[in-house]
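I opened this notebook to record what I looked up, entry by entry, in the structure shown below.

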Amino acid sequence: MGDDHSNHDDGPRSGGRRAPIAIAAVAGVLALAALGMASCGDRGGGVRFWQKADAGSNACPRPASLTGSEFNAQETGLRALRRAAFRGDFFAQLELGSRYSAVRATDKNIEDPIESATWYAMALSNDEGYAPINRVDRGGFGDWRPLSKYDDCRAYERHTAYQRLDRQLGQMTREEQESVRDRVVYVLSTQDAEGFRTLARLHDGLYGPFGEPEDNREAREAWGRGGGGGSAAERDRRRRGYRAATSLFPRNDVDAYLYNYLAVQTGDVGAYVLMKDFEKSAPSRDQYSRFVEAKARQWTPPFEFYPNEAPASGVPFSDESRPRGDAYEYALTRMASELPFIHVGRALRYLGVAETAAARPEDLSKRQIETLEAMLGHPMEGRLSYLERVRAIQLAAVNGSSEAQLVLAVMYAEGIGLPADYARAFKWFDEAARQGSPEAKFAMSSYFALGVSGVADQDKAQAVALRIDSALSGFGPSAARLQAVLAQVSRSQQRR
């Protein structure tokens, strides 16, 4: 594997290296792996080093299994792995890919091809899987070789992940493939600048299929450019590459630019340098700047929060789309004082958690709270947190409640429960208006009357039509507060 990363650029396009954030057991194993491991196989004779040994000795070592034979132990292990995987741990992502593909017979009850493919794709896009570690120029002429077998075993893991992902995607419908792609986009979008930079590489034709350097061995193999010896059948397979896996994220300059731009909007200085590098990397790229700026203001992640559909076995997905940073924490604290609890109660009634709309948190029983927590995949603690109040409204909105959609739109407009996001506020006002909500129609009329740059252009005729429709639908109460909020939104957008 000595020449795998010989041309690897540790500059802006390499993606950098992250300090792994993971469960303690995984972190301990990574530390041991970096110091030295058992041999991953012989590399002689021009044959891939892993072709001369069994899979067990090629793979990187793992910590003791976090699951047991009992259902509850398996669920606990999945929760721990998912927390680590959402935080960017390469090996936790691989393990989830394996668990949900039911490689082991004991995982058959949690088999879920879409979720498995999502985590194999996340692992392949993770620079912890390909950034070189502990290398030295042995001959003094650019002959970079690993000091340990860590680079080798990671390459084997990525080679295997490519194979499994390609097989899974090849058996899926177009809609299922789109679901995999949307989940990857969502997870990466929760990782702020680093995640957006990864998304930019996934769409950039100057990188490999999953954002790795294009001269990476696994990238070349995936494109069908691997070469090498072996039987005629094996050479033919290598020429074909992994077509399903490499087509998951189509190359697109506009999307690559968009995600670089979104990374810059998080305030990350390095992202700005990378975006400027992107603009200069091809003659035609900087011409998209105005279009991309408008598109970025309208962009929203594919989901409100990570899809909470559980496998048929009933093992729930834990809800890892958690608040991040001070802005999220501050928005959550506003739930108690600024959002009447009746809105949460109505959302819970819509979801079938309660028969009546609770006006106060204490009106809910412990069992009703635990029912919501089970729906979200949260630990069943029987205490309704601020985050769970937000999730109740989001879940009702996603499932079609026009009332919850209207409430969620106002929450985004005012930064209550969730940081202010005018593109998302507009999206949910629009969803509620489509279902006939007169209040939402009035809100939409205010958007079009004022004009919110990049979200809704000023359109007086559309504003008047919506306002008349709102009045005819019976909207009576004054909307001065909402109008004032939208006016403030408009001024803040114009100052940008």
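**Entry 1: the largest pocket.** I find 37 residues lining the largest pocket, and those nearest its centre are Arg-324, Tyr-328, Pro-419, Ala-420 and Asp-421. The volume comes to about 1100 Å³, taken as the space filled by probe spheres set on the points, with grid points joined across faces, edges and corners.

Before going further I note the conventions: this is a predicted model, in which local features need pLDDT of at least 70 and side-chain atom pairs count only at pLDDT 80 or more, while totals for chains, interfaces and linings use all residues. Residues are numbered from 1 along each chain as its sequence is written, and side-chain values use heavy atoms, with hydrogens and water left out.

**Entry 2: what lines the pocket.** At least two lining residues come from each of H7, H8, H12, H14, helix H15 (325-338), helix H18 (386-398) and helix H20 (422-434); helices here are DSSP runs (H or I, at least four residues), numbered from the N terminus, as strands are (E, at least two). Which helix gives the most to this lining? I find that H18 does, with four residues.

**Entry 3: helix H18.** I took this helix next and checked its length: H18 has 13 residues and reaches 19 Å from its first C-alpha to its last, close to the 18 Å expected at 1.5 Å a residue, the expected span being 1.5 Å times one less than the number of residues. Eleven of those 13 residues are buried, so H18 is largely enclosed by the rest of the structure; buried means under 20% relative accessible area, exposed over 50%, and partly exposed in between, with a 1.4 Å probe and protein chains only. Among the buried residues of H18 I list the charged side chains Glu-388, Arg-389 and Arg-391. Their cover, like that of the other buried residues of H18, includes H15, helix H16 (341-350), helix H17 (366-376), helix H19 (402-414) and H20, with contact taken as heavy atoms within 4.5 Å. Just after H18, Gly-400 takes a positive phi of about 110°.

**Entry 4: helix H12.** I then turned to H12 (residues 253-265), whose 13 residues should span 18 Å and whose end C-alpha atoms are 18 Å apart, which agrees. Eleven of its 13 residues are buried, so H12 too is largely enclosed by the rest of the structure; Tyr-257, Tyr-259 and Tyr-261 are among them. The buried residues of H12 pack against helix H7 (174-189), helix H8 (192-202), helix H13 (269-280) and helix H14 (289-298). What caps the N-terminal end of H12? I find Asn-252 there, with a side-chain oxygen 2.8 Å from the backbone nitrogen of Val-254; a polar contact is a pair of N or O atoms within 3.5 Å, where within protein one must be able to donate a hydrogen and the other to accept it, and residues adjacent in sequence count only if both atoms are side-chain atoms. Following H12 is Gly-267, with a positive phi near 90°.

**Entry 5: Asp-204.** I looked at Asp-204 in the loop between H8 and helix H9 (217-223), and its 4% relative accessibility makes it buried. A polar atom of its side chain lies 3.0 Å from the backbone nitrogen of Leu-206. Leaving aside neighbours within four places in sequence, Asp-204 is in contact with Arg-251, Ala-256, Phe-278 and Arg-285.

Entry 6: Ala-102, in the loop between helix H4 (90-100) and H5, has a positive phi of about 60° and counts as buried at 15% relative accessibility.

Notes. 1 Å grid on protein atoms, 1.4 Å probe; cavity = no way out; pocket = protein on both sides within 12 Å on 5 of 7 lines; lining within 4 Å.
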